2 protein chains.
Amino acid sequence: MIKVIATNYLKQEQEEAFNPLFRELIAATRKESGCIEYRLFKKPDEKGVYIFIEEWENQAVLDKHMASEHFTRIIPQIGKFKTKDMTIQLLEEFK
Amino acid sequence: MIKVIATNYLKQEQEEAFNPLFRELIAATRKESGCIEYRLFKKPDEKGVYIFIEEWENQAVLDKHMASEHFTRIIPQIGKFKTKDMTIQLLEEFK
C-alpha cells in the first residue's frame, strides 16, 4: 500500500477555471483499479492550497495512474494556474 | 467532517522509545466516538517524519480528542523526541 499527499498551490481567484478539471480528474481516477482512495481537500485558512490524499495498492498502479490519459492531460492544465510547484509525499503506514 | 494532517519531526534514532507511545495513542484514539480515521505514516525517504492522517465527524469531537486523557498525557511524552515543532493542517473536503 502506498499513501500519497500531493499539495497543489493555485491562483484561488481562478478556481472556476480549474475546479472542473479537478472534478474530471477525481472521477476518472476513482475508476482506476488499485485506487483505494483519491480525495481532494482545501485549507480554509490558506486560500489556493489543494491537497490530494490518495491511497494505492502498490507502486505499479500508482505509476499506471501517473501515465494515464486523464492524468497526463489534466495535470498540465491545472498546472497553468499554479503559484508554485506541487509537492508530493509518498508514505508508508507505521506498523 | 474535518480532515487533519499532523506532521511530527522526531529523533529517528530514538524510535524504540517513542514507537510504543504512538501505538498507545493510536489504539486509544480509535476508540473515541466521532473518530472516522486515525492513521500514522512514515516517509521512507525522510527519516524521523511521522504524519498522522485523521478524520473527525466535527470540530467538537476533535476538541474532545485533544482534551482527552491519553492525548494530553502522550503527546508531551512524544514531544520530548522532537527535532522541531509539529505542524497541523485542518482541511475540508473539496466539493
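How many bridges join strand S1 (residues 2-10) of chain A to strand S4 (residues 82-93) of chain A?

**View 1. Strands S1 and S4 within chain A.** Here the two strands run antiparallel, joined by 7 bridges. Strands and helices are DSSP runs numbered from the N terminus (strands E, at least two residues; helices H or I, at least four), and two strands pair if DSSP finds at least two bridges between them. Look for Ala6(A), whose bridge partner in S4(A) is Ile88(A). Please note that this is a predicted model, in which local features need pLDDT of at least 70 and side-chain atom pairs count only at pLDDT 80 or more, while totals for chains, interfaces and linings use all residues. Residues are numbered from 1 along each chain as its sequence is written, chains are lettered from A in the order in which they are written, and side-chain values use heavy atoms, without hydrogens and water.

View 2. S4(A) pairs with S2(B) in the antiparallel sense over 2 bridges, and Glu93(A) has Phe41(B) as its bridge partner. Strand S2 (residues 35-42) of chain A likewise pairs antiparallel with S4(B), over 2 bridges; there, Lys42(A) stands opposite Glu92(B).

**View 3. A salt bridge between the chains.** Glu37(B) forms a salt bridge with Lys3(A), their closest N and O atoms being 3.8 Å apart. The term means a side-chain nitrogen of Lys or Arg within 4 Å of a carboxyl oxygen of Asp or Glu. Between chain B and chain A the count is 6 salt bridges.

**View 4. The contact surface.** In contact (heavy atoms within 4.5 Å) are 26 residues of chain B and 26 residues of chain A.
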